[in-house]
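Let's take a friendly walk through a protein model together. Keep the sequence and the 3D view side by side as you read.

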Amino acid sequence: MKDPDPLQDNNPIDQAHNSRRSFIKRSALGGIALGGLSTLLPIEDIIAQTTQKVSRYSNPSDLKITDMRYCIVQNVGRTPIIRIDTNQGIYGLGEVRDGADERYALMLKSRILNQNPCNVEMLFKMVRQFGGHARQGGGVCAVEMALWDLCGKAYNVPVWQLLGGRYRDKVRIYADTPEAASFDEFKAKVKHRLEDQGMTWLKMDISIGEVKGQEGALVNSKFWGSNLAQWRGGYMDYANIKHPFTAIQITDKGLDGMAQIVHDVRSVVGYEIPISSDHYGHFDLNNAIRWGKKVEPYRLAWLEDMVPWEYTDQFKKMSDALETPVLTGEDIYLLSGFKPLIDAGAVDIVHPDLATAGGILETKRIGDYAEEKGVAMAMHFAGTPVSFMANVHCAAATQNFLALEHHSLDNPWWEGLVKTTDGRKLFEKGYANVPLTAPGLGIELVEEEVKKHLLPTNKTYFAPTPEWNDVRSHDRLWS
């Protein structure tokens, strides 16, 4: 159902009359709620401040959620995409965070079935108790993204408009420095990053693993095995031992070796391009401060996750001791998880991952709260174009935003997973393009391309999920 466009007439008096009549008609139909505003402002002022040609793809007040379906793309390991269907044929896309389980989202289906998806905040409050830090927040965030996509489509406006408007038309992107077998190859790849891909912000991983082969660089590292793997291992292996509990120390020789890598990167990139850093390994606060002081001459944009995010006091000590900004946040769920760090002045920049932090609106709230305290916000991201566009809308609507990560810049098929509904490029020359008119997230999946990259062990492509329809528990948290 679409409302007709206002009548066109060359007579300015008739034109104003028709504009007034069209505006009142839309208000009566529920497209724009005037409330008490009409008693305070002349109708011409209201018209001037409100979109006059709002056309709807549906009747939003009658929308109902009918299904939640999924597929899993083999991107950054595994990245589930969900689709929330409705009784009016429009649907919303969301994404469970990379490396997470689609069941985090599917178990929420029974809580939102038959609800109106345009009541985004209410539905978010119904399901947020089922999210948690890191990948466990992925299901709630996927649902929240899909609801905003649906709401934008229902009212035919971009998601950023539903958040209160935009501060920017393009969103700055940062990407990893490329890996290379030799220094000459590295220089050539960095040149491609900066000149061909147009990147204006880079990030590098610099781990104690880089110097583990140097005799006398580390203390107590061999106890944990030869590879110091950060991502996989048993519960009591290095990968799962928090930083203060490994008893690994870095000698001056080890610090010099790691700092030399930063020096080499800075010598190629120059000083006009911000360089952030990440993934240092698991060592304690004292060594983190020693490392931070060692690389201060290179003016890094930030030092990321030097210790686990929940150690607010340790972040405060680092922030006080170092000139380089310290940052954390990609594994924190909800604004309430960020508040202790922000309130204590323990971080210089917050770094939420929207697919963990609570979704689009909650991430904007995190940015807004940080802004009040003089803290900037960068955004972590490593998923598919679905979550990428959710981030773009949030970044466009948040004033203190710095840069958004793009983890798949060198993946040749990544961008082809979707098409934009307004014909723009997803990103170009180091910036994502904010959809200025496209409703919802502004993308649709390219079915044949997505099917090429489904997880080999699960080729499901948005099949019905009736097994997740029924609520099996009483969820209230209070008596």
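Arg 299 sits in the loop between helix 10 and strand 9. Helices (H or I, at least four residues) and strands (E, at least two) are DSSP runs, numbered from the N terminus. Although Arg 299 is not a glycine, its phi is positive, at about 50 degrees. Why is that worth a look? Most residues other than glycine have a negative phi. With a relative accessibility of 43%, Arg 299 counts as partly exposed. Here buried means under 20% relative accessible area, exposed means over 50%, and partly exposed lies in between (1.4 Å probe, protein chains only).

Val 76 also has a positive phi, near 50 degrees, and is a residue other than glycine. You will find Val 76 in the loop between strand 1 and strand 2. Val 76 is partly exposed, with a relative accessible area of 33%.

## What kind of model this is

This is a predicted model, in which local features need pLDDT of at least 70 and side-chain atom pairs count only at pLDDT 80 or more, while totals for chains, interfaces and linings use all residues. Residues are numbered from 1 along each chain as its sequence is written, and side-chain values use heavy atoms, leaving out hydrogens and water.

The chain holds 16 helices and 17 strands. Of its 479 residues, 55% count as buried. Its accessible surface comes to about 21200 Å², and 50% of that belongs to carbon and sulfur atoms; these areas come from the Shrake-Rupley method with a 1.4 Å probe, and for residues only the protein chains shown count as cover. A contact means heavy atoms within 4.5 Å. Among the contacts with a separation of 6 or more, 71% are between residues 24 or more positions apart.

Gln 74 lies in the loop between strand 1 (65-73) and strand 2 (79-86). Is this residue buried, partly exposed or exposed? Gln 74 is partly exposed, with a relative accessible area of 42%.

Which residues does Gln 74 contact, leaving aside neighbours within four places in sequence? They are Trp 413, His 453, Leu 454, Leu 455 and Pro 456. The C-alpha atoms of Gln 74 and Thr 384 are 9.6 Å apart, while the two residues are separated by 310 residues along the chain.

Lys 109 belongs to helix 4 (residues 109-112). Lys 109 counts as buried because its relative accessibility is 2%. Its side chain makes a polar contact of 2.6 Å with the side chain of Asn 469. A polar contact is a pair of N or O atoms within 3.5 Å; within protein, one must be able to donate a hydrogen and the other to accept it, and residues adjacent in sequence count only if both atoms are side-chain atoms.

Not counting residues up to four places away in sequence, Lys 109 touches Asp 67, Met 68, Thr 465, Pro 466, Trp 468 and Asn 469. Thr 465 is in the segment after helix 16 (447-452) and is buried, at 1% relative accessibility.

## The nonpolar cores

A nonpolar core is a set of buried Ala, Val, Leu, Ile, Met, Phe, Trp, Tyr and Cys residues joined through side-chain atoms within 4.5 Å. The largest one has 130 residues, and those with the most contacts inside it are Ile 82, Ile 84, Trp 291, Ile 360 and Phe 388. Helix 6 (residues 138-155) gives the most to this core, with 11 residues. Domain 1 (65-161 + 463-468) and domain 2 (163-437) both give residues to this core, so it lies between them; the domain bounds come from an automatic or database domain assignment.

A second, separate core has 9 residues, including Tyr 174, Trp 201, Ala 378 and Ala 403.

## Helix 10

In helix 10 (residues 285-294), the buried residues are Leu 285, Asn 287, Ala 288, Ile 289, Trp 291 and Gly 292. They pack against strand 7 (249-250), helix 9 (252-269), strand 9 (302-304) and helix 11 (312-321). At the start of helix 10, a side-chain oxygen of Asp 284 comes to within 3.3 Å of the backbone nitrogen of Asn 286.
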